[in-house]
Amino acid sequence: MIVNKSSNVSHRRGADVLLETLHSEGVEYIFGNPGTTELPLMDALLRNPALKYILALQEASAVAMADGYAQASGKPGFLNLHTAGGLGHGMGNLLNSKVSQTPLVVTAGQQDTRHSISDPLLYDDLISIASPAVKWAQDVSNASQLPVLLRRAFHDANAAPSGPVFLSLPMDIMDQLTDVSIGEGSDIDRRAIGGSLPRLAQVLAQCTPGKLAIIAGDEIHTSHATAETIEVAELLGAHVYGSSWPSRIPYPTSHALWRGNMPTTAAGIAEILKNYEAIFALGGKSLITILYSEGPAVPEGCSVYQLSADVNDLGRSYATKLSIVGDIKASLTAFLPALKEATDAHRQRYRALISQAADERKYAREQLEISVAEKFSLPTIAPIVAAHEVVRAIGPDVAIVDEALCVSPLVRKFLTSHNSGQYAFMRGGALGWGMPAAIGYSLGLGKQPVVCLVGDGAALYSPQAMWTAAHENLPITYVVMNNQEYNILKNFMRNQAHYSSAQTNTFIAMDIVNPCIDYLALAQSMGLPAQQIRHAGDIAPAIEAAIASGRPNLIEVIVSAN
């Protein structure tokens, strides 16, 4: 650091300005994997010990760690990648973050601009590479720009629709001396209250009791609006469904009105919605479909009402009777008095619907338990049994990060928690998110225990995350559901009668055998104790002990393919 005595203003390097600004924005962790272009930043960390660097062994893992941290902490995650190659490595999980609308400030080191004209090694157009996956991307061309661009990045990452933003950090800019002041952060209240709320209260109250469904989208979680959503549902006696492909389950799964998540095909969604006159969608992207099926997800005769902070999603896919832009929590708080008044005449009917829903829920749970009991003693653990025992062992409070697609729908059926923030899922759809995201989740929750459910195939995308879990000694239990195949793909092909695979029961590139993966050895090589479970009765005791240990560990559960 150099001090100009005439002005008493300190000169310091761009990397120090960056870290000072991050600290003022409340950043706790930098997630990354350093290379040569990041060395000025790594050196500056020695002079700025308030920020902790979380080392990932591959950039895709670094992105997912930051994503998990942002989702758990409610603050943007900050990460630093290694120039073009590292940004390329991270793109799959960066696209996950874009789809999940996770607020991230993504940076990457860039070659020294003084010899960029000679096409040096590691140099490429980072802005063009990053742009498809972020809200905006920009080069930093002078160290004095860092405070403004960083604060703009944190603001825009959080602004609806939230998501990643990108800054390119050239080496010479990180080493450049500047006397720029980092200034102060802005206090921005984004809780805009929607208009037409009294009108919305009237039209929802006019729906036939029992014929209105609420779709609880991810935005409820980010807006901290669970309590208000529960009150709306109870005032209307309305069944509550989760998104078809969720990032979170923002509604307590133990509540009488909870009906689980929507299916992932338009035909499956329509089969449910044909029983309702209207839906009230809280948050956008609630009815994502995966495989094509004939017809729209919202059937004729079912009206759509929406409330979201993302104006781009309102009326985007389905015509709506009324869509309102506004923060979920602030708007529902303003909405509730009008709704109470509008529904008062049918109060007894709504209460009866809640009681009926509780009875129906109890019966459905009993039927699930019967299904589990029927398969509990099979020689190979059935997926429904594995899901049941895992959820039973985890309990209602420990956070779950789920990327075990072979059991995910079943896991969600067994959840019974008052905690609306318990469950997280890979909404983006690109594998390799879960294992590193669990690290971010634990850090974002103050190093609380996390159970990460992961399929055997997904576990091979970012297994190096286990090293970081061991290095940071985080209480994460990795549960690998191993059926030694890409089961979802096989099942889809079996359902296509015209496929040769369905006719011959032969599948190319869908079996993880010859050789089989030794997940125990893989975990142990990265410092985690590991064990394998082959009997259903051993699942819950193993997971309970693993959580209680307070250490990172891995449990492999051998499950049947069907």
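Predicted model: local features only at pLDDT ≥ 70, side-chain atom pairs only at ≥ 80, totals over all residues.
What radius of gyration would a compact globule with 562 residues have, and what value does the protein have? A compact globule of that length would come near 24 Å, and the protein has 25 Å, which agrees.

Good morning, colleagues. Let me continue with the overall fold. The protein contains 21 helices and 21 strands. Along the principal axes, its C-alpha atoms fill a box of roughly 80 × 60 × 50 Å. Of the 562 residues, 56% count as buried. Among contacts with a separation of 6 or more, 75% join residues 24 or more positions apart.

The largest pocket holds about 1600 Å³ of space. It is lined by 49 residues, and those closest to its centre are Trp245, Leu405, Ser408, Pro409 and Arg412. Strand E12 (258-261) and helices H13 (347-375), H15 (408-414) and H18 (487-494) each contribute at least two lining residues. By class, this lining comprises 25 nonpolar, 15 polar and nine charged residues.

The second largest pocket has a volume of about 1300 Å³. Its lining counts 50 residues, with Asn158, His221, Thr222, Ser223 and His224 closest to the centre. Helices H3 (59-73), H9 (219-222) and H12 (328-343) each provide at least two residues of that lining. The largest share, four residues, comes from H3. By class, the lining of the second largest pocket has 16 nonpolar, 20 polar and 14 charged residues.

Thank you for your attention.

How values were computed
Residues numbered from 1 in each chain as written. Heavy atoms only, no water. 1 Å grid on protein atoms, 1.4 Å probe; cavity = no way out; pocket = protein on both sides within 12 Å on 5 of 7 lines; lining within 4 Å. Points joined across faces, edges and corners; volume = space filled by probe spheres on them. Nonpolar A, V, L, I, M, F, W, Y, C, P; charged D, E, K, R; others polar. Rg over C-alpha atoms; globule rule 2.2 N^0.38 Å. Buried < 20%, exposed > 50% of the residue type's maximum accessible area, 1.4 Å probe, protein only. Contact = heavy atoms within 4.5 Å.
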